[in-house]
Amino acid sequence: MTIKEYKSLFDELYVSLCLLSNKYLEDLDVAKDVVQDVFLKIWEDKIEFENINNTKAYLYTSVKNKSLDYLKSKRYKSTDFLSARKLEKVETESFFLREVVVIEASSIVEKAINELPDKCAAIIRLSLKEYTVSEIADELGVSINTVKTQKKIAYKRLRPLLEEYYFLIFFVLNIFK
Amino acid sequence: MPNFKQIINLSKSLAASFLDKKKNTEIVEQSQLFNDEDKNYIIKNINDDSSIEKRQNLVKQIDKEADWINVVKRIELSNYKFYWRLSAAAIISGVLLTGYFFKDTFFGTSLEKMPIVLNVKPGKEKAILTLEDGSNITLEKGKNYVSNNLNSNGEKLVYNSGANSKSKNVFNYLTIPRGGQYFVKLSDGTKVWLNSGSKIKYPVAFVEGEIREVELVYGEAYFDVSPSTDHKGSKFKVLNQNQQVEVLGTEFNIKAYRDDDNVYTTLVEGKVTVGLEGKKQYLKPSQRSVLDIDNQMITISTVDVYNEISWKQGIFSFEDLTLRDITKVLSRWYDVDFVFLNKSIENKKFVGVLDKNQNLEDILSTIKNFGIIREYRINERTIVLK
């Protein structure tokens, strides 16, 4: 892995991994340390990944394991108390996977919106919060027509991503039916 | 247990339906990857305004760039430990290493500030010759190579003159890697200087009376073309994927790197035309044409020729170039990659004339002394700038 590839991996996943670790630790600063440790390790061990899914699987799993290690460590136990029942719950696979789904899905949404021009993005954010066209126009102090045109521009831009990912819906559903 | 790809695919389809304002509950319900409690958790956390806001607040508290710098520092620190062990081993065996590490450790400079320095030496005469049968020969100092129509002392390559073949053209390629440069004299006497990261295709011998054609596949080359009058009026043409230059005996420079959006042709002496499909434009001495590859537009202006061809004399002459463009030049000559820690410095401009025959560190410290960059770190073949 070149440092360029390493940086782009960091850019892509650092925030998501911090969110995951924070779910376990409920302490964002410690979560950041845990994730940085994991990034340091993949650099030092010169780990090469086959594809992005493998990379994500490795990083999410490592962050989960490191976070659980921390929860079980003496340092943590001396300052916080975690009930045996809660620990049992956070150690389950489903606690981990459902969080990954939430983080991944919301990260895709955020990135897609952030890539839109500012005005477009602001309109789409409100639209996703179930604001009507006229409510959006009021809120942002623009005309109803502007809102309509900007929405069209936004969806034109989002179309390729939506089409690619919609295809996966059938995939997701069919496989498990 | 579901595999990770299924989890990622589910996330993608949930994101798509959320963006499209369609109900995504059905997708979660039917996915069968989770039990009911987890399904409700996912639906709530993706769709509820309060959950979204909570997450956005957390994201705001994460300073990705600052944390990245932190990771880079920690990598350097661990590299430092590694080199320190190496240096310690060197003392025991009686070999003195660079001295850099000892100075700083013994005089107590903070570790954090210490760069990991490996001397990055300038490029040198180096090329790979590809013969007509596809075999490759490495040309470098100290290696002689002679065949019936060419010879090389390792530092330059010369094709025998007068060996005009009447048969079909036979082509050779010369590839100059990053960190190399080379000089070749073609069979018609045309001299070509090739810059780092370049490739040229040419016939071993030119057919008498026909147009002499060579191709600059990519990269930068300076041509001193043997005049048409010595070759029964045969014109000389330099082809490139994006343009062609027609020549009547003259000196000029072409720069056509693949990571550049433009092709630059600078005429030093004589007369050439620069042509795209169907269009031809004349260049006068000291004029440079810039072809914008995307728009297929050529603009011509008068330039200081020295800046364009100084590379051939062993000098970098940077005038009004952005740091991004300068690092492109340096990365070819020193065979290194640059990483900008903050984007804002990429467009800073630097003016200076620098000797190509010095270590990279000297060049970087000059640029630093001008206040263009605050700091640089050399980490093997990667240079981090900020």
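What pattern does chain A follow when read along the sequence? Chain A reads α-α-α-α-α-α-α-α-α. That comes to nine helices and zero strands. Helices (H or I, at least four residues) and strands (E, at least two) are DSSP runs, numbered from the N terminus.

This is a predicted model, where local features need pLDDT of at least 70, side-chain atom pairs count only at pLDDT 80 or more, and totals for chains, interfaces and linings use all residues. Residues are numbered from 1 along each chain as its sequence is written, chains are lettered from A and ligands numbered from 1 in the order in which they are written, and side-chain values use heavy atoms, without hydrogens and water.

Start with confidence. pLDDT is the predictor's confidence in each residue, from 0 to 100. Chain A averages 86. Within chain A, helix 4 (residues 74–79) is lowest, at a mean of 62. Helix 6 (residues 93–114) is highest, at 94.

Now look at charge. Side chains of opposite charge can pair when their charged atoms come close. A salt bridge here is a side-chain nitrogen of Lys or Arg within 4 Å of a carboxyl oxygen of Asp or Glu.

Take Asp259(B) and Arg332(B), which meet in a salt bridge at 3.0 Å, N to O. Asp259(B) lies in the loop between strand 13 (251–256) and strand 14 (262–269) of chain B, and Arg332(B) in helix 8 (residues 323–334) of chain B, so the pair ties together parts 73 residues apart in sequence. Arg332(B) is buried, at 9% relative accessibility. Asp259(B) is partly exposed, at 45%. Buried means under 20% relative accessible area, exposed over 50%, partly exposed in between (1.4 Å probe, protein chains only).
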